[in-house]
Amino acid sequence: MVFSGCSNLEYCFLRLDTDGIFRGSFNGCSKLKYINLEDLTLWKNSRDGTQFNGCSSLFAGQVLDLSRTQLITLNGGGTLAGVPIVGLILPSTLTSLGDWMFQSNPTTTFMFPENIATMPTNAFKNCTNLQ
């Protein structure tokens with residue numbers, strides 16, 4: 001829970017060799033507008049979920065392009081739940097998604113790689129803007 005509760009944190013630049021972001025790392029960072037996720041080419045795992053819970057300003061109105069990362073799995077509940085992105089592009093390395101991954105997310109567009117082997121039925125629960 002590295003930055004959990006840092007309610008005034010607006011920008012975060014992680015080391016480019018970061019390969020994992022874990023449960024609760026940015027919980028409650030309501031003013032967080034940007035974190036360099038798209039630059040983390042070694043990011044392979046998102047474990048245990050809720051990394052960005054309460055990040056109501058993160059990537060607001062933007063398309064989040066994770067295509068350059070090496071993500072294999074987004075396997076924690078609610079990793080991007082409620083994050084106000086308008087679109088998401090996932091990497092070709094991604095093979096599975098976890099439960100409630102995008103719950104209540106206002107996103108209208110998701111681009112998934114062809115090799116997604118696991119798609120839980122509740123990954124998009126309450127995503128009312130999907131077209």
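Modeller: A strand is a DSSP run of E that holds at least two residues, and strands are numbered from the N terminus. The model before us is predicted. In this model, Asn36 lies in the loop that joins strand 3 (34-35) to strand 4 (45-46).

Biologist: Why is Asn36 called buried?

Modeller: A residue is buried if its relative accessible area is under 20%. Asn36 has a relative accessible area of 3%, so it counts as buried.

Biologist: What lies 2.7 Å from a polar atom of the side chain of Asn36?

Modeller: The backbone nitrogen of Leu14 lies at that distance from the side chain of Asn36. Leaving aside residues up to four places away in sequence, Asn36 touches Cys12, Phe13, Leu14 and Leu16.

Biologist: How many helices and strands does the chain have?

Modeller: The chain has nine strands and zero helices. Written from the N terminus on, the order of its elements is β-β-β-β-β-β-β-β-β.

Biologist: Which residues touch the most other members of the largest nonpolar core?

Modeller: This core has 32 residues, and Phe26, Ile35, Leu37, Phe52 and Leu88 touch the most other members. In soluble globular proteins, nonpolar side chains tend to be buried together. Not counting residues up to four places away in sequence, Phe52 touches several residues, among them Ile21, Phe26, Leu58 and Thr79.

Biologist: How many aromatic pairs are there?

Modeller: The count comes to four aromatic pairs. One of them joins Phe3 and Phe26.

Biologist: Why is the pair of Phe3 and Phe26 called stacked?

Modeller: Ring centres must lie within 6.5 Å for a pair, and planes under 30 degrees apart count as stacked. For Phe3 and Phe26 the centres are 5.2 Å apart and the planes stand at 15°, so the pair is stacked. Phe3 lies in the segment before strand 1 (11-12), whereas Phe26 lies in the loop between strand 2 (20-21) and strand 3, so the pair ties together parts that are 23 residues apart in sequence.

Biologist: Which words describe the exposure of Phe3 and of Phe26?

Modeller: Phe3 has a relative accessible area of 25%, which lies between the limits of 20% and 50%, so it is partly exposed. Phe26, with a value of 2%, is under 20% and therefore buried. Phe26 also forms a stacked pair with Phe52, with 5.5 Å from centre to centre and 15° between the planes. Phe52 lies in the loop between strand 4 and strand 5 (63-65), and the two residues of this pair are 26 residues apart.

Biologist: What makes the phi of Phe59 worth a remark?

Modeller: Most residues other than glycine have a negative phi. Phe59 is not a glycine, and its phi is positive, near 55°. Phe59 lies in the loop between strand 4 and strand 5, and its relative accessible area of 2% makes it buried. Asn126, also not a glycine, has a positive phi of about 65°.

Biologist: Why is Asn126 called partly exposed?

Modeller: Its relative accessibility of 46% lies between 20% and 50%, so Asn126 counts as partly exposed. Asn126 is found in the segment after strand 9 (109-111).

Conventions:
Residues are numbered from 1 along each chain as its sequence is written. This is a predicted model: local features need pLDDT of at least 70, side-chain atom pairs count only at pLDDT 80 or more; totals for chains, interfaces and linings use all residues. Side-chain values use heavy atoms; hydrogens and water are left out. Helices (H or I, at least four residues) and strands (E, at least two) are DSSP runs, numbered from the N terminus. Buried means under 20% relative accessible area, exposed over 50%, partly exposed in between (1.4 Å probe, protein chains only). A polar contact is a pair of N or O atoms within 3.5 Å; within protein, one must be able to donate a hydrogen and the other to accept it, and residues adjacent in sequence count only if both atoms are side-chain atoms. Contact means heavy atoms within 4.5 Å. A nonpolar core is a set of buried Ala, Val, Leu, Ile, Met, Phe, Trp, Tyr and Cys residues joined through side-chain atoms within 4.5 Å. Rings of Phe, Tyr and Trp (its six-membered ring) pair if their centres lie within 6.5 Å; planes under 30 degrees apart count as stacked, over 60 as edge-to-face and the rest as tilted.
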